[in-house]
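Keep the viewer open as you read.

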Amino acid sequence: MTSDVELIRRSRHHPESFADIFDRHHKAIHAYVARRAGSQTADDVLAEVFTAAFSQRAGFSSETGSALPWLYGIARNLTYRHFRSAANAQRAFGTWAAQQPDATGTHDDEVIAGVDSARRWQVVHTALGSVATDDREALLLYAWEELSYAEIAQVVGVPVGTVRSRIHRARAALRAALTETLEETTP
């Protein structure tokens, strides 16, 4: 299999080669944006990501050999640009319905499970909202996108040690927020 680095290098003279980069990574990038912005927005942002990546391909470099961290970085920036207004910021990290597990059983069981699941996701969503933005982003890239610390560092443009610190702080803040919520709701 041809590496991402080679495909991008080849696409400088044979632009159609860039289609293989899209084929390899579009699902991951779409899922990343959809979790933050919803599936309708993800479709638009996905197109913007690959348009930007294609136009910036001459400047591409990779420590890992994969274009995925580079594409996540572009997607991150475009998603943030989409959600600059305060009214839309809440949606940037909150399309949880797609992440809810499927309920099984009777219709009543499905309704009850859906309500319970929605409540749990709301608790997690609220707790995530209490985590600092940079820390939350590092944690979500690690947990949702399953990126390594080095890949996260490449996406957000900071040293690996900073990524480790951000994830540690995010976990601590999330744990504290969830513990506080549980204490408040337990009779």
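First, the ground rules. This is a predicted model, where local features need pLDDT of at least 70, side-chain atom pairs count only at pLDDT 80 or more, and totals for chains, interfaces and linings use all residues. Residues are numbered from 1 along each chain as its sequence is written, and side-chain values use heavy atoms, with hydrogens and water left out.

Two packed helices are described by the angle between their axes and the distance between the axes. Here the helices (H or I, at least four residues) are DSSP runs, numbered from the N terminus. Their axes are lines fitted to C-alpha atoms over the stretch in contact, with angles from 0 to 180 degrees between N-to-C directions.

Start with helix α1 (residues 4-11), whose axis comes within 8 Å of that of α2, crossing at roughly 145°. On the α1 side you'll find D4, L7, I8 and S11, and on the α2 side F18, D20, I21, R24 and H25; contact means heavy atoms within 4.5 Å. Sorted by class, that contact of α1 with α2 has four nonpolar, two polar and three charged residues. For the classes, Ala, Val, Leu, Ile, Met, Phe, Trp, Tyr, Cys and Pro count as nonpolar, Asp, Glu, Lys and Arg as charged, and the others, Gly among them, as polar.

Next, follow α2 (residues 18-37) to α3 (residues 39-56): their axes are 8 Å apart, at an angle of about 140°. That makes α2 oblique to α3 (under 35 degrees is roughly parallel, over 145 roughly antiparallel, 65 to 115 roughly perpendicular, and the rest oblique). Among the residues that meet are F22, I29 and V33 in α2 and V45, L46 and F50 in α3. The α2 with α3 contact divides into 14 nonpolar, five polar and one charged.

Zoom in on H26, which is found in helix α2. Leaving aside residues up to four places away in sequence, H26 touches L46 and F50. H26 and L71 are 45 residues apart in sequence, yet 9.3 Å apart in space, C-alpha to C-alpha.

Finally, jump to α7 (residues 133-143) and α8 (residues 149-156), whose axes come within 10 Å and cross at roughly 130°. So α7 is oblique to α8. E137, A138, L141 and Y142 of α7 make the contact with Y149, I152, V155 and V156 of α8. By class, that contact of α7 with α8 has seven nonpolar, no polar and one charged residues.

Methods: Helices (H or I, at least four residues) and strands (E, at least two) are DSSP runs, numbered from the N terminus.
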